Every structure is written in C-alpha cells, then in structure tokens.
Amino acid sequence: MLEDIFKMLHLKKTLDKSIAVNSYIYNRTLLLNMMREFTGQRDMVRPAKTRFATAFITLNCFRNHKKNLKKMFTSEAWNKSKFPGEAGGGGAQTANTIFSPNFWTNIDIAVKVGEPLLTVLRLVDSEKKPPMGYIYEAMDRAKERIASSFNNKKDKYKQNFEIIDKRWNCQLHQDLHAAGHYLNPGLYYNNPNVEDDSEVIKGLMACIHKLSLSEEEELKIHTELPTYRGAQGLFGIPMAKKMRPMLSPAEWWMQYGSSAPTLKKFAIKVLSLTCSSSGCERNWSVFEQLHSKKRNRLEWQKLNDLVYIKYNRALRRRYDMRDTIDPIILDDSTVQDPNDWLEGEEDAFVFEGDNLTWGVVAEAMGVDEEPYATRRTSRRKEGVESSSRSRGQQLIDEDEEENDVGAYKEVVEEEVDDEPELDDL
C-alpha cells in the first residue's frame, strides 16, 4: 500500500525533493552543523528510495522541523555563508524547496495517509499479543481516520482508498480476519450490527468449515454459537463482561469460554494466529549475517545454534525494552487528531510582534514561479555543464551511489568466488 501510494506523482516529487534537501545538507559539514543548531541537535531521517515506511517517517520529520528549517534558511548565518551563492544554484534551489507552500502541503497529505497505515503496521508487528482479533477493525478505523483528516471530502481521498482496497481485497484480507473480529468479545458485544455484516459472517463460516476436524465438531461449534451470541453461561457473568476490554481475546476465551468448550477451542486456535511474517524475516536476516561468504563452511548444527542464540537475545531485548504495542487499545480517543497536522503555518509570523508571515516570504522569493533564464545565466549554465562533462563528473543521488557501490561489491565478490579454492588445487 505504501509503495503504491508513493507512486502518485505529487507525492513522488515531494519525496524526491526531500531526498535532495537531505543530501544537500548532509554532504556539507558546515551546513549540517548549522541545521543541528536550529533543530536542537536532532538529525533528519534519511530515506532509501525503496523503504516507503521510512519515507513516511522522514516526511513526518520534515513536518516536525518545519519552523526550524525555515528559520535556518532566513537566518543571518545562512545569508553570510557561501551556500546561497554556490555555483550551480544548489543552495538557492534548496531554500526555494523549504519555502514552497506546495512542498509542505504534499508532506501533510503524505503523513495524513501514511500515519494510520503505519499504526496498523506496528499493530501486526506486535510480538507480545497476537493481533488477529483486531486487524479487521484496525483497517476500518485507519480508513475512517484518513477520511476524517480530509474532512470527509471523498474526492480528496478517493484515489488513496482505491489503492488501499486493491491491496486489502486481493492480498491481505482473509476469512481468518473476519472470524477473529467476530470472536473478539471486546469488539463483538459493542457492535450489535456485526450479525448483519455478511462479509464477517461469511468469513466465520468458512473458517469453521475449514478448521473443523470432523463434521461432528463443526455441528457442535454451530450449536454453541448462540451461547456466545446471547452472552449466556459464563459469557454473561459480571466479571466476564468487565474483562472483555482488559484481556486479550485468546486469554478471555481461556478463562470464560467453558460454557462452549468446542467453540472455545476453535476461538483460541483462530485468535492465537499471527498476522505478519516479519518474525520469519528477522530470523532470515540473522542467518544472512552469520552464514556469509566468508563463513560458508559452518556445520548446520552449529549454524542453527548460533542463530538460535543471536535471534532469541534480540527477541528478549525487544520484548523487554520496546514500548508495548497493545492491540486492545483501538480507541480513536488515544490517537492524535490528524487535523492537528494541518495548522496553517503559512499565516504564522516570522518574528513575534511583526506582521511578516511565512506566506509573504515565499511569495516574495517566488518559490512557486516557473524558473526563467537570462542570457547571462544560460551562458553560465552552459559553461558549468561543459566543464563538468570535460572532467567526467556527474551529480548523482546519494541513494543511487550507495546502490552502485553495493552492486560493485557484489560483482567483486562473485569474481573472487569464481576463483579456484586451494583445496580444489
């Protein structure tokens, strides 16, 4: 979803501009120190082009330091430095990007769409509590938050919803998600319209039929469903009602599901499943770190033992140190209002007690005007291009340079591996 969203033209251009600003600042030590003075010694997240979650986080970092960056590019230190008049116009172009209202508007749009999706991503990546009973509801609430951030104007978020629904319907949504939603007592009993949702009921019936070991077990589950639906037996005691939002769904069924033993076993089986393969990805990364081309003769038992120790140490450290991502908390009141991101800073004053606003500064600089070249500047540009061609130099993006270096290292290693081993000789 994040990848498809960033294929939209206006967001793709905004990401490219943010990468260009990051590259320009971080390639100049003096400018980097100047930026850190204005941002309180905080760095900007530097994205790679293929890591789209990192791209959203980077744009959010730009949004957080919006005032600081504008103050830096209007400060006396910037005006006295060599960067505004730098050959090639890199400094002036970077300043124009920072003062462009369209740049910040597109950042607000990207963050508004990405933040709810990243919330769901963090939810399914939880390693403390299985989120199977919450993923269905979490996606619905994420879409509601995106719509509310655009003031429920459908034409503004229609394209984003088409991207989300395309991936959700064909790849992500499964019958298990619907069954987990139905069997989650904290959500089921608070939504009386669940029984009228054909998609949820269809998914539940499909899971019952597939996971039942026999027709007799399937009949027992269908027989015990009215007990759960009507909150009869242990399902309806005051303590069971009180603990619905406080316990994870699987733990709640273990404690209060004895009135429907067959349904209890089925519910625990469904609600204990994971929603993500990120744990496997991390384990494979550990294998890749240990079983390198220089250590390719490790015995498989020793390799498995090393991976077991290294991965579980990291797993224990993350389990103890990371903030608890509680899938039980899905209340919108716990989430920051997305409309808070859209405070109009273009009308904010540059200096307190003065009438000068950032919007006037951007208009005076002509940041959104089409660039034009005089005869003198065009000749200067041609001279710079010809000199750069003569020296054989070419400006490339920092991420492309890193990719080229990585590809070069792989080619060299492959050539080394092709050489005969001493044992073979």
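A crossing of two helices is right-handed if the near helix is turned clockwise from the far one by less than a right angle, and left-handed if anticlockwise. This is a predicted model, in which local features need pLDDT of at least 70 and side-chain atom pairs count only at pLDDT 80 or more, while totals for chains, interfaces and linings use all residues. Residues are numbered from 1 along each chain as its sequence is written, and side-chain values use heavy atoms, with hydrogens and water left out.

**View 1. A protein of 22 helices and zero strands.** Before zooming in, let us take in the whole chain. Helices (DSSP runs of H or I, at least four residues) and strands (E, at least two) are numbered from the N terminus. Of the 425 residues in the protein, 38% are buried (buried means under 20% relative accessible area, exposed over 50% and partly exposed in between, with a 1.4 Å probe and protein chains only). Among contacts (heavy atoms within 4.5 Å) with a separation of 6 or more, 67% join residues 24 or more positions apart.

**View 2. Helix α3 packs against helix α5.** How is a pair of packed helices described? The crossing of α3 past α5 is right-handed. On the α3 side look for Leu-31, Met-34, Met-35 and Phe-38, which meet Asn-68, Leu-69, Lys-71 and Met-72 of α5. This set holds six nonpolar residues, one polar and one charged (Ala, Val, Leu, Ile, Met, Phe, Trp, Tyr, Cys and Pro count as nonpolar, Asp, Glu, Lys and Arg as charged, and the others, Gly among them, as polar).

**View 3. Helix α9 beside helix α10.** The axes of α9 (residues 135-149) and α10 (residues 154-172) come within 10 Å and cross at roughly 165°. The two helices are therefore roughly antiparallel, and α9 passes α10 in a right-handed crossing. From α9 come Ile-135, Tyr-136, Met-139, Lys-143, Ile-146 and Ala-147, and from α10 come Tyr-157, Phe-161, Ile-164, Asp-165 and Trp-168. By type, this contact has nine nonpolar residues, no polar ones and two charged.

**View 4. Helix α9 again, now with helix α11.** Here the axes of α9 and α11 (residues 175-183) come within 7 Å, crossing at roughly 95°, so the pair is roughly perpendicular. Ile-135, Tyr-136 and Glu-137 of α9 meet His-177, Ala-178 and His-181 of α11. The residues of this contact divide into three nonpolar, two polar and one charged.

**View 5. His-181, a buried residue.** Leaving aside neighbours within four places in sequence, His-181 is in contact with Gly-133, Tyr-136, Glu-137, Leu-187, Val-194 and Val-200.

**View 6. Positive phi angles at Gln-41 and Ala-231.** Which loops hold these two residues? Gln-41 lies in the loop between α3 (29-38) and α4 (52-64), and Ala-231 in the loop between α14 (215-229) and α15 (238-242). Phi of Gln-41, a residue other than glycine, is near 65°, and at 57% relative accessibility Gln-41 is exposed. For Ala-231, also not a glycine, phi is near 55°.

**View 7. Two pairs separated along the chain: Ala-206 with Leu-176, and Glu-3 with Ile-163.** Ala-206 sits in helix α13 (residues 198-211) and is partly exposed at 29%. Its C-alpha atom is 8.7 Å from that of Leu-176, 30 residues apart along the chain. Glu-3 belongs to helix α1 (residues 2-5) and is partly exposed at 42%. Although Glu-3 and Ile-163 are 160 residues apart in sequence, their C-alpha atoms are 9.8 Å apart.

**View 8. Cysteines Cys-61 and Cys-275.** With a disulfide taken as a pair of cysteine sulfur atoms within 2.5 Å, the count comes to zero. Cys-61 is buried, with a relative accessible area of 10%, whereas Cys-275 is partly exposed at 23%.

Key
Axes fitted to C-alpha atoms, helices over the stretch in contact; angles between N-to-C directions. Parallel < 35°, antiparallel > 145°, perpendicular 65-115°, else oblique.
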